[in-house]
Amino acid sequence: MKFSRRSQRSQGAATDGGATDDATRTADPTAAATVPGDPTRASSPGAALPAAAQPGGAPPAAALPPGMLVAGAWAWRLLAVAAVLAVLFWLIATLEEIVVPLLIAILVSAFLVPVAGFLHRHRWPRWRAIVAALLAGVVVVGGLVLLAVTQIRAGLPQIEKQSVAQYDQLTTLLQGPPFQLTNADVDGYLKDAQNALQTESKAILSGVLSIGTAAGHLLAGGLLTLFATIFLMIDGRGVWAWTVRLFPKAARPAVDGAGQAGWHTLTSFVRVQIVVAAVNAVGIGLIAFVLGLPPAVPIAILVFLASFIPVVGAIVPGALAVVVALVFAGPVQAVVMLAGVLVVHLIEAHVLQPLVMGSAVRVHPLAVVFAVAGGSYVAGIPGALFAVPTVAVLNVMVKYVATGAWRRSRVADDVVEAPEAS
């Protein structure tokens with residue numbers, strides 16, 4: 001019987017394949033038959049081990065305790081948040097001359113916007129209410145500064161006479177026991193001080209130049225603050241809507257609601273801060289008035305203006321009041337003035353700031369104290385100024401988002417969607 005060539009090739013391939021399989025089975029001495037019910041014979045000893053079981057491999061997730069898994073998940077997330085905060089702080093420190101005027105403009109707007117809103121609700125045109133609020137703020141601050149400067153200039157002749165008299169008294173005191181200094185000794189000390197000033201003239205000149213540069217930066221910052229305040233009062237809602245539209249559409253309701261809650265807290269903070277500054281000014285001003293110091297009004301004004309900056313408000317006006325009391329009245333009155341300043345600032349630090357300010361911004365008094373200390377340590381005076389409002393606003397915003405209150409609030413159309421260009 002004859003077969004075709006195709007049948008012969010198929011038969012040969014089948015024969016070769018079977019032979020190959022037999023050879024493979026014969027050449028593999030480790031192959032073992034699978035015995036039902038015997039797990040040790042379920043796989044051959046030469047099978048590949050899992051990656052986790054290889055020497056040096058990472059342990060599988062099931063082999064780690066649940067606490068270690070949770071700690072690891074939190075650890076890398078906290079590291080990511082810390083990295084983002086570090087970059088943010090670096091940007092703020094780099095752009096300090098721009099960020100600080102903007103933050104000051106936000107604080108000023110938090111006080112002036114409610115005033116403009118009050119006038120607008122009483123049938124004032126919107127533009128007139130904004131202009132009136134801006135002019136009122138400029139007039140009040142400028143009037144206080146002008147009054148302080150005028151009072152100080154009026155009292156300069158008396159200050160010079162009192163300074164000369166106090167210098168004579170100090171010289172007489174140094175010539176008596178236990179110092180026993182002569183006029184020649186005093187003149188020698190004055191001459192040594194003059195020589196030291198001449199020797200350090202270069203350093204003094206560089207200091208004056210740095211003060212001039214700082215004054216230039218201060219002027220530029222003031223103009224930026226005024227410019228930003230005007231725009232925030234005219235179109236603050238539009239600026240906020242544009243900021244919210246930078247976020248994804250699903251997150252815009254939460255961001256908008258959190259921002260509204262933070263703005264309400266910021267306005268409360270500014271009002272309470274004005275009350276705290278007024279209490280400081282009245283307290284120190286009354287002590288200066290009782291002691292009979294002529295510049296009592298300028299001292300009170302300087303204390304009021306400086307109290308908005310916690311660090312400077314606690315040091316510079318108080319030290320100035322003590323020096324003025326020493327020059328005008330004497331050492332006993334200076335000690336009384338120092339005690340009064342310390343009492344006023346202790347009341348501010350331990351009563352007004354923690355209790356009044358803490359209740360207004362809904363932050364625990366201990367958090368208020370540590371926020372001021374941490375802000376001043378990290379960023380100096382600007383950090384101390386913005387520490388409490390920043391912590392208060394962030395606290396309210398995080399709580400608003402975490403509680404899900406934004407799901408029940410209505411969001412304006414210009415926030416969710418960008419207005420179409422006409």
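Visitor: Which pattern does the protein chain follow, read along the sequence?

Guide: The pattern is α-α-α-α-α-α-α-α-α-α-α-α. The chain has 12 helices and zero strands. Helices (H or I, at least four residues) and strands (E, at least two) are DSSP runs, numbered from the N terminus. This is a predicted model: local features need pLDDT of at least 70, side-chain atom pairs count only at pLDDT 80 or more, and totals for chains, interfaces and linings use all residues. Residues are numbered from 1 along each chain as its sequence is written, and side-chain values use heavy atoms, with hydrogens and water left out.

Visitor: What share of the residues of the protein chain count as buried?

Guide: Buried means under 20% relative accessible area, exposed over 50%, partly exposed in between (1.4 Å probe, protein chains only). Of the 422 residues here, 25% count as buried.

Visitor: At what angle do H7 and H8 pack?

Guide: Axes are lines fitted to C-alpha atoms, for helices over the stretch in contact, and angles run from 0 to 180 degrees between N-to-C directions. Helix H7 (residues 252–290) meets helix H8 (residues 296–306) at about 155°, with the axes 8 Å apart. H7 is therefore roughly antiparallel to H8. The cut-offs: under 35 degrees is roughly parallel, over 145 roughly antiparallel, 65 to 115 roughly perpendicular, and the rest oblique.

Visitor: Which residues make that contact of H7 with H8?

Guide: Contact means heavy atoms within 4.5 Å. On H7, the residues include Ile274, Ala281 and Phe289. On H8, Ile299 and Phe304 are among them. By class, the contact has 12 nonpolar, two polar and no charged residues. Ala, Val, Leu, Ile, Met, Phe, Trp, Tyr, Cys and Pro count as nonpolar, Asp, Glu, Lys and Arg as charged, and the others, Gly among them, as polar.

Visitor: How do H3 and H7 cross?

Guide: Helix H3 (residues 96–121) and H7 cross at roughly 90°, and their axes come within 9 Å. H3 and H7 are therefore roughly perpendicular to each other. The residues in contact include Ala110 and Pro114 of H3, and Thr267 and Ile274 of H7. The classes come to 11 nonpolar, two polar and no charged.

Visitor: Is threonine 267 buried or exposed?

Guide: Threonine 267, in helix H7, is buried, with a relative accessible area of 6%. A polar atom of its side chain lies 2.7 Å from the backbone oxygen of histidine 264. Leaving aside neighbours within four places in sequence, threonine 267 is in contact with Ala110 and Pro114.

Visitor: What is the phi of arginine 123?

Guide: Most residues other than glycine have a negative phi. Arginine 123 is not a glycine, yet its phi is positive, about 70°. Arginine 123 lies in the loop between H3 and helix H4 (126–175). Arginine 123 counts as exposed, at 82% relative accessibility.

Visitor: Where is alanine 329?

Guide: Alanine 329 sits in the loop between helix H9 (310–328) and helix H10 (331–361). Its relative accessibility is 32%, so alanine 329 counts as partly exposed. Not counting residues up to four places away in sequence, alanine 329 touches Leu293 and Val324. Its C-alpha atom is separated by 7.9 Å from that of glycine 292, 37 residues apart along the chain.

Methods:
A polar contact is a pair of N or O atoms within 3.5 Å; within protein, one must be able to donate a hydrogen and the other to accept it, and residues adjacent in sequence count only if both atoms are side-chain atoms.
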